[in-house]
Every structure is written in C-alpha cells, then in structure tokens.
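Hi,

Here is the structure I promised to pass on. Have a look at it first, and then read my notes below.

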Amino acid sequence: MTAVLLLEDEPSAYVQAWRQLAPDLELRVPADPAEVERMAAGEIYWLGQPDRAAALLRRGFKPRWLQSTWAGYAPLLAPDLPSDYDFSRAVGLFGQSIGEYVLTYLLQHERQVTQRQLSQRQGHWDTRAPGTLAGRRLLLVGAGDIGQDVARLLAPFGMLVTGVARSARELPGFVRVVPLVDLHPAARDADFVVNLLPDSASTWDLYDAAFFAALPAGALFINAGRGTSVVDADLVAALQSGHLAGAVLDVFRQEPLPAEHPFWQTPNLQLTAHVAGPTPPAAAVRLFLDNRARLAIGEPLRGAVDLFRAKRQLQR
C-alpha cells in the first residue's frame, strides 16, 4: 500500500481528520527535518503545503503525486524545481470562508459599523441612514471556483456582480464576465472591488495608481488574493487622498507584515493576517482521497495543474 507523507506546519488537525476518514491508509508525519528526508525517500504520495514540498524537491526528492492544501502553488514554479510529477491544487475548499470574509467587510462598510462604534464611544446618538448592498456594483476579479462560490453566496443580497477572468464567458451569478485586459474599463463602474487572483506574472502590480484612479470616488477595495497584485505605495496614496473610501487587506508581499510598513498607519485601511480562507483539514483530506481514487483509475484529478505549462506561462 502506498503511504502518504504529510507536509504541514501544523499537522494535528490533519492527523485527526485522517484517523476518521482514512484509518486504513498510512499517513507519515515527520517529527523533524531529518525524518522528513527519510520519509520522502520512498515513492509515496505527498499531501500538504507547496512551500514545504518545494524545499524537498530542491533537495532531490520527488513524489509520484502531490496534493496541495493551498489554492496557490507559486513555490513550485521556481525554475530550478522539477515538474515531472502529478500535481493538484486545493479546489472547492475556500469559497464559503472567503465569501463570508468578503460579506463581513461589505456589510461593515454599508452599515457603517466602525463609525457607529465611534459614535457609541463618544456618547453620540447616530441617526445616519445606513446603506444597503442591494443594487451595488461589485467587481470580482477572479471568477474561478472560489470566485463562483463567492458570487453564489452574495446572490441573495441583490448585488450586481461583474467578474474578471482570463477570457469573457457567461457564468451563473455574474451580470457579465470580462477578460483581464478590460480590468480598468470595468473598474469605472465598481462600488466594490474584490481581488481573488493567484500569484502569477500576469497579476503582479495589477492594482496600481492607474487602476485606483479608474475607480469611482468612494469605492472599497478588498484583497483576499495575493499581496503581489497590489502596488503598496499606490494604495496608500489612494487612501490618503480620500479617493478610496477604504480598503481591506488579508494578504501582503511580505508576511508577517513588517512593523515599519506604512499600512499599519494608513487611514481607512483594515488588515487581517491571511485568515480569509484557511484550509479546512477534513475537507482537504476528503479531496485527497477523492483524487487518489481518480488517480488509481486514470481519471482527471480535481484541481490538476500542468506545472510544465504553468512555468512556460510564467516565463512569457
């Protein structure tokens, strides 16, 4: 029976889920770096974080198949790493959590929660009329599986959701889906922008001064994708000028965010520590087991990625 090597910084919840869902399948959980290499020496399956897998690949170890517990996989695209193994990213695990994250801050913004808390502390009876999400225009940048889950969650609130993807298409829950090259024209009609794009060469520095200038005054920007998409100084300038009503960031170019970074002191900017879409261990184990069964009978893996192709696209 093929064993499975778990590559997680915090493995306990995965071990517990594994005992419940796959008690007859051997899970190897290394206790130290030396044990990682000993366990990786066999021809086994890997389950876990791409960054930890990349470290093993760099030392000459390679799996038959790697099931990632992340939606993104940028560490595996380094030019010095092999790509001749089966790989699948985590799919279907994050939409609910990220959708709730987005909805939390959209409602906070429209219902003016922060301002009303300030009024309460000041002993002020605040009778300003709250806003509503109904009829508001949301630009959802990233219309893949997570974006479609988010759109479904937002559907009952009556928002007008425009998606941005690599190419135009029709998708349920979206008024329209436009190609990435039309990002700036689409931004001109957006009350809210939510970024869900992964880290890739085509998404680096996507949100710059020109993009923020294209947004209507008073827009809200939420980034639950990757920090490399945002030009930090340009976002700070857009907030300091008052052109943006606010921004919510869950991801950053460097994590943890350095104490000296200007984001900490930027007005109307809310920061969270990459918690918008944590991987649910039980769901990740179920995905692994489903894909293991598919691999055994030669069916396509859910979330399969051609790493050779991904690397070529990155080099363009």
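Predicted model: local features only at pLDDT ≥ 70, side-chain atom pairs only at ≥ 80, totals over all residues.

Which residues does N223 touch, not counting residues up to four places away in sequence? They are N195, V230, V248, L249, D250 and V251, where contact means heavy atoms within 4.5 Å.

Residues are numbered from 1 along each chain as its sequence is written, and side-chain values use heavy atoms, with hydrogens and water left out.

Back to N223. You'll find N223 in strand β10 (residues 219–223); helices (H or I, at least four residues) and strands (E, at least two) are DSSP runs, numbered from the N terminus. N223 counts as buried because its relative accessibility is 0%. The cut-offs are under 20% relative accessible area for buried, over 50% for exposed, and partly exposed in between (1.4 Å probe, protein chains only). A polar atom of the N223 side chain lies 3.1 Å from the backbone oxygen of R226. As for L257, it is 34 residues from N223 in sequence, and the two are 15 Å apart in space, C-alpha to C-alpha.

Now the charged pairs. Side chains of opposite charge can pair when their charged atoms come close. Searching the whole structure turns up 17 salt bridges, each being a side-chain nitrogen of Lys or Arg within 4 Å of a carboxyl oxygen of Asp or Glu. Here are some to look up:

- E37 and R59 form a salt bridge, with the closest N and O atoms 2.5 Å apart. This pair links distant parts of the chain, 22 residues apart: E37 is in helix α2 (residues 33–40), and R59 is in the loop between α3 (50–58) and β4 (65–68). E37 is partly exposed because its relative accessibility is 30%, and R59 is partly exposed at 43%.
- R58 and D80 meet through their side chains in a salt bridge, 2.8 Å from N to O. Again the pair links distant parts of the chain, with R58 in helix α3 and D80 in the loop between β4 and β5 (86–88), 22 residues apart. R58 has a relative accessible area of 45%, so it is partly exposed; D80, at 48%, is partly exposed too.
- R253 and D205 form a salt bridge whose closest N and O atoms are 2.3 Å apart. R253 sits in the loop between β11 (244–249) and β12 (269–271) and D205 in the loop between β9 (192–195) and α8 (209–214), so this pair ties together parts 48 residues apart in sequence. R253 is partly exposed at 42%, and D205 is partly exposed at 40%.
- E110, R136, R137 and D191 are linked in a network of salt bridges.

And the rings? The structure holds 10 aromatic pairs. Rings of Phe, Tyr and Trp (its six-membered ring) pair if their centres lie within 6.5 Å; planes under 30 degrees apart count as stacked, over 60 as edge-to-face and the rest as tilted. The W18 and F288 rings have centres 5.5 Å apart and planes at 50°, so that pair is tilted. It links distant parts of the chain, 270 residues apart, with W18 in helix α1 (residues 12–21) and F288 in helix α10 (residues 281–297). W18 and F288 are both buried. Ring pairs also join W18, Y45, W65 and F288 into a cluster.

Cheers

Terms used
Polar contact = N/O pair within 3.5 Å; in protein donor to acceptor, adjacent residues only side chain to side chain.
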